[in-house]
2 protein chains.
Amino acid sequence: MMKNILVGQSGGPTAVINASLYGIVTEGMNHLDEVDHVYGMVNGLEGFLKDDYVDLSEDLTQKELELIKLTPGAYLGSCRYRLPEDLTAPSYPTVFKKLKALDIGWFFYIGGNDSMDTVSKLSRYGAQIGSPVRFMGIPKTIDNDLMVTDHTPGYGSAARYVASTVREIVLDASVYQQPAVTIVELMGRHAGWLTAASALARKYDRDNPLLIYLPESNFDFKTFTDDLSKAMQCRPDVVVCVSEGISDSSGRLICEYNDEAKLDNFGHKMLTGCGKVLENFVHNHFGIKARSVELNVNQRCSALISSATDIEEAALAGSYGVQAALAGSTGSMVCFNRVSDDPYSIQCSLADVNQVCNREKPFPSQWITGNGTDVSQEFISYVLPLIQGQIPHPMEQGLPVYAYRKRS
Amino acid sequence: MMKNILVGQSGGPTAVINASLYGIVTEGMNHLDEVDHVYGMVNGLEGFLKDDYVDLSEDLTQKELELIKLTPGAYLGSCRYRLPEDLTAPSYPTVFKKLKALDIGWFFYIGGNDSMDTVSKLSRYGAQIGSPVRFMGIPKTIDNDLMVTDHTPGYGSAARYVASTVREIVLDASVYQQPAVTIVELMGRHAGWLTAASALARKYDRDNPLLIYLPESNFDFKTFTDDLSKAMQCRPDVVVCVSEGISDSSGRLICEYNDEAKLDNFGHKMLTGCGKVLENFVHNHFGIKARSVELNVNQRCSALISSATDIEEAALAGSYGVQAALAGSTGSMVCFNRVSDDPYSIQCSLADVNQVCNREKPFPSQWITGNGTDVSQEFISYVLPLIQGQIPHPMEQGLPVYAYRKRS
C-alpha cells in the first residue's frame, strides 16, 4: 500500500541542511514501490498546520535537486515552533488529522535539539493513538551539540568556514607593527565546538589565534588580562577567539558586562556582543588598538567553503533515515558513529530521540587546555576529518548559483 | 649600469595587494640586464627607515611567488606612515641616503590615496635634488575611490565577496515567516562603491537587498522609516545594505547617533556601528525582529572568492609600473582605462600622482537611483566584469594555503 513522505526543516539554517533534504527526497524516490509522493512542509510544522506544503517529488527536476543540495539556508523555510508539553492539547489531533488527509506514512524533521523535541512528542502521541506514521529526526546544527551522535551535519562546514576565515583575519591582523588585539566572536551560546575549530587556523608554532575561550570554561577578566599580557610578549598582533556565550564564574554573560552600555540617540539601550565588550576592555585596560570581528550568520550560511565530507554526510543522514523509517523505525534520530579518525570512517545508526531532545553535548572538559585558553590535539584529530573536501560550486556571472523556492 | 628595485606596501591590505607585489617582482626579474635585486620594504617606508627590508629576488622560489600572488594581506607588512608636508624636513635626506646606499633605481609603493601622497612627496623631493630614482605608485584599495583610474585593484575581489556573501545572508534571512529586518553594514567611509556591489546579490525581481544606502546620499531617519515600511509590504524579510560612513544632512555620521568616534593617525574617524544603530532603530520603531551583520575585515582579506580578473589586473598594474619606471617615468600612478564593458577590456596608462593623492572619487550621483535607495543598471554593467573568474586556491588539510614571510 503506497504512502507519502512528509519532510520539514526547523530551527536555524546551516550550509548543508538542504543536503539532508536532498538525501530524503532522492532516497524516497528510490522506493517508488512504497513511496508515492515526497511532500515538503513550508516553514516546518508551523506552515504545515496552515496547510502550507509543496510536492517535492513532482515539482523538482534532478538538476534542481542537485542545486538544492549545495544551497545554504532552509530551502523549505524554517520555523521555531514548539508543540505543547501536554499531549492532550488540541494541536496533536490537528496534526494527525492533517497527516492522515495527506496519507503520510513517514515524517522527517531536519533540525537540532528543539526539533527533536517535536519528533519525540509526535511519536509519543502517535504511539498513544496507534498511528502508523513513522517519525524520524535528521540531525542538523552548526553547534555540534547533539547528544549520542559523534558529530552533526552542519558542523563540519561551519568549522571549515571558521578555520579558514580566522586564518585570513590572522593574516590581516599581522600587517602592522604596532601592538594590536583582534577579538573574533564566534557562534556558540552554550557549546564551544565551533570556537574550538578556530585552532585549525594556525599554521606554525605560536601562530594566532593565541587565545581561545569557550563557554565551558569560566571567563575571568583578571586571568584574561594576564593571558593577554603574556601573549603580547609573544607577538604584537594577538588574535583572540571567543564564543558568544562565554560567562564569568557567577554565570553572568560577558556580553552583559556592557555597563557602559550605550544609549542610542533615541534613548534605547544598545546590546552588543561579548567581542565588543572585550574590545573596549582591551583598549581601555592596555591603551592599545583593539578591534572585534563577529563572524555572525556567515558561519551558518556560507556555502562556498562547505566541506564535501559534511555535504555528503548530511545527504547520507537523510537517506539512511528514509531507509530506517521505511523499515519501521520511529521516534529515532539518525546518528553517526566514528569507526576511525585516520582513515576517517563513520557508520550510521539510530538513537532514541528522547535521549537527544532538549539536551546539549558540551565540549569535553578534558579537551580544554592551557588553563582554559586552548584546545587539545585530541580535538584537532577529531575535527580535521570533518572539514575535508571541496565540491566546486556552480557559478554564473561570477557569483554562486543557489536554488530558490518559488513563492506563492 | 645595474640598479635595484625597492617595493613597499602601505595602508589597509586587500585580497590582491600581493598580486601586485608578484607583478613587480616577476617583471623586475624579467629585466636582469638592468635590474640587479628586487628589495622589499618590511612595513613600508616606516620599516625601511629602520633598515628593515628583504631581498625578494634572492629569497623566494617561483612556487613561493605564485603562492604570494594568491595570499591576502600585505606579505611585506604595511604601515600608516605619513611623510612631513615640509620637503625641507630631515626625513627626506634620510630616505634618499638609504635609497642611495642600497643603489635603488626604482621605487614602487602599492597603496591608496595616502600612499600616493608618499610617492608624490618623494618624487617632488627627488626632482629638487636631481635624484635619478624613479617613483611609481601602484593602486590598491577595496574602496575603489582613487581618481583618474577606471577602477582599482582590490575592488573587484571585495565586490565579489560582498555580492556573494550578501546573497547568502539574503537566503539565511528568508527562512522564517515572521517580519524581520537584516541590516548589513559594509566598508566605505566616504565612497559607496563597495556597498553598491551588494545589488549584484539579487537574483530576481524584488529580491533582497531591497534597500541600499551609500554615503554619497544624505541618510534621513524619517525617509528610511518610509522606505522600510514600503519594503516590508513587498516581503517580510527585508535586507538593507548600508555603508559604514552614511551620514545625515548635517554631516553627522549615523554611527555617531551612538557614540563618539575616535581618531586614527591620519585624523580619520574610526567608525563602528551604523548597522547596530539602525538595528536598534528598526527594532524600537517597528517593534519587529532586527539584526545587523557587519562584514568587517573579511571584505578585504577573504581570498577564496577573489576575482580572477582582479588578481590578474593587480599583477598587471605591478608589471606595467615596472616597465614604465624602467622606461623613465616617475611621479606617476598606474591607471586602468576601460576600452569596453562587453567584451570587457582595459588598457594601462599613467596618471600624475598629484592628481590622485589625497583625493577621493565618489560613487557617481547619477548612478544612485530610487531616491537614494538603489543603484542603476549602468553601475551593474560597470562592476560585473570586475568580479569575473575563479582561480582554484591551493588547499592542504581542507584549508587554504597562504604564504607567510619568515620573521626575524
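Buried residues account for 55% of the 408 residues in chain A of this predicted model. A compact globule of 408 residues would have a radius of gyration near 22 Å, and the 23 Å of chain A therefore agrees with that expectation. Along the principal axes, the C-alpha atoms of chain A fill a box of roughly 70 × 45 × 40 Å. Chain A contains 13 helices and 15 strands. Of the contacts in chain A with a separation of 6 or more, 75% are between residues 24 or more positions apart.

**A parallel sheet in chain A**

Four strands of chain A form an open sheet in the order E7-E8-E6-E9, with parallel pairing. Its edge strands are E7 (211-213) and E9 (289-294) of chain A, each of which pairs on one side only. From one strand to the next, the twist averages 15°. In general, strands of a sheet pair through backbone hydrogen bonds, in either a parallel or an antiparallel manner.

Strand E6 (residues 180-186) of chain A runs parallel to E9(A), and six bridges join the two. A:Thr182 has A:Arg291 as its bridge partner in E9(A). Helix H7 (residues 155-173) of chain A lies across E6, E8 (237-243) and E9 of chain A, and runs at about 165° to E6(A).

**The two copies and their interface**

Chain B is superposed on chain A by a rotation of 180° with 0.0 Å of shift along its axis, at an RMSD of 0.1 Å. The two copies are thus related as by a two-fold rotation axis. Of the interface residues of chain B, 85% are also interface residues in chain A, so the copies meet through the same surface.

In this interface, 54 residues of chain B are in contact with 53 residues of chain A. The following elements of chain B each supply at least two residues of the side that touches chain A.

| Element of chain B | Residues |
|---|---|
| Helix H7 | 155-173 |
| Helix H10 | 274-286 |
| Strand E11 | 289-294 |
| Helix H11 | 298-301 |
| Strand E17 | 399-400 |

H7(B) gives the most to the side of chain B that touches chain A, with nine residues. By residue class, this side of chain B divides into 26 nonpolar, 19 polar and nine charged residues.

Definitions and conventions:
Residues numbered from 1 in each chain as written. Chains lettered and ligands numbered in written order. Predicted model: local features only at pLDDT ≥ 70, side-chain atom pairs only at ≥ 80, totals over all residues. Pairing = 2+ DSSP bridges. Axes fitted to C-alpha atoms, helices over the stretch in contact; angles between N-to-C directions. Contact = placed C-beta atoms within 7 Å. Least-squares fit on C-alpha atoms with pLDDT ≥ 70 in both. Rg over C-alpha atoms; globule rule 2.2 N^0.38 Å. Buried ≥ 20, exposed ≤ 12 C-beta atoms within 10 Å, placed from the backbone. Nonpolar A, V, L, I, M, F, W, Y, C, P; charged D, E, K, R; others polar.
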